[in-house]
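Here is a friendly tour of side-chain contacts, written for someone who likes to see the cut-offs next to the values. Please keep the viewer open while you read.

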Amino acid sequence: QVQLVESGGGLVQAGGSLRLSCAASVRTFSSYIMGWFRQAPGKEREFVAAISRSGERTYYADSVKGRFTISRDNAKNTGYLQMNSLKPEDTAVYYCAAANYRRLEFRNSDGARGYEYWGQGTQVTVSS
């Protein structure tokens, strides 16, 4: 069982930055692909970014490419999402997710159904 806890959300003005963290309670954190998803009110959950077990490969939604950076520190069992140049349309609840590499191929890491474990979410609000 993997527990994920997000932190770092908040209220920021457009153009500002936030850094989200996702702490995982698991011994073999490096066995898990990590992803970030978001869900705005009245909309479906959407893919934001994913990172491979070692951190060598990353994958971004077109809407955040060039503004967001996903990373991880396997020694600390923590994943991160650095969000720069934030826009009002980035307002959403952000969720981190994890999937064992045996269950999810990285090329499919943009699909929410592939993830086994989810955090509780953290609210990000960008004011105009």
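The report below goes through aromatic pairs, charges over rings and salt bridges.

This is a predicted model, in which local features need pLDDT of at least 70 and side-chain atom pairs count only at pLDDT 80 or more, while totals for chains, interfaces and linings use all residues. Residues are numbered from 1 along each chain as its sequence is written, and side-chain values use heavy atoms, with hydrogens and water left out.

**Aromatic rings**

Rings of Phe, Tyr and Trp (its six-membered ring) pair if their centres lie within 6.5 Å; planes under 30 degrees apart count as stacked, over 60 as edge-to-face and the rest as tilted. By this rule there are 6 aromatic pairs. Take Phe37 and Tyr115: their ring centres are 5.3 Å apart and their planes stand at 80°, so this pair is edge-to-face. The two residues come from distant parts of the chain, 78 residues apart, with Phe37 in strand 4 (residues 32-39) and Tyr115 in the loop between strand 9 (92-100) and strand 10 (117-118). Strands here are DSSP runs (E, at least two residues), numbered from the N terminus. Both Phe37 and Tyr115 are buried, where buried means under 20% relative accessible area, exposed over 50% and partly exposed in between (1.4 Å probe, protein chains only).

Phe47 and Tyr59 make a tilted pair, with 5.1 Å from centre to centre and 50° between the planes. Phe47 belongs to strand 5 (residues 46-51) and Tyr59 to strand 6 (residues 58-60), so this contact ties together parts that are 12 residues apart in sequence. Phe47 is buried, at 13% relative accessible area, whereas Tyr59 is partly exposed at 29%. Which residues form one aromatic cluster? They are Phe37, Phe47, Tyr59, Tyr115 and Trp118.

**Charges over rings**

A charge sits over a ring if NZ of Lys or CZ of Arg is within 6 Å of the ring centre and within 35 degrees of the ring normal. The charged end of Arg19 is placed over the ring of Tyr80, 4.0 Å from its centre. Arg45 lies over the face of Tyr95, at 3.9 Å from the ring centre.

**Salt bridges**

Side chains of opposite charge can pair when their charged atoms come close. A salt bridge is a side-chain nitrogen of Lys or Arg within 4 Å of a carboxyl oxygen of Asp or Glu, and a search of the whole structure finds 6 of them.

| Salt bridge | Distance, N to O |
|---|---|
| Asp90 and Arg67 | 2.7 Å |
| Arg103 and Glu116 | 3.1 Å |
| Arg107 and Glu105 | 2.8 Å |

Asp90 sits in the loop between strand 8 (78-83) and strand 9, and Arg67 in the loop between strand 6 and strand 7 (68-73), so their bridge ties together parts 23 residues apart in sequence. Both Asp90 and Arg67 are buried. Salt bridges with shared partners join Arg38, Glu46, Arg67 and Asp90 into one network.

Arg103 and Glu116 both lie in the loop between strand 9 and strand 10, 13 residues apart in sequence. Arg103 is exposed at 60% relative accessibility, and Glu116 is partly exposed at 26%.

Arg107 also lies in the loop between strand 9 and strand 10.

How values were computed:
Helices (H or I, at least four residues) and strands (E, at least two) are DSSP runs, numbered from the N terminus.
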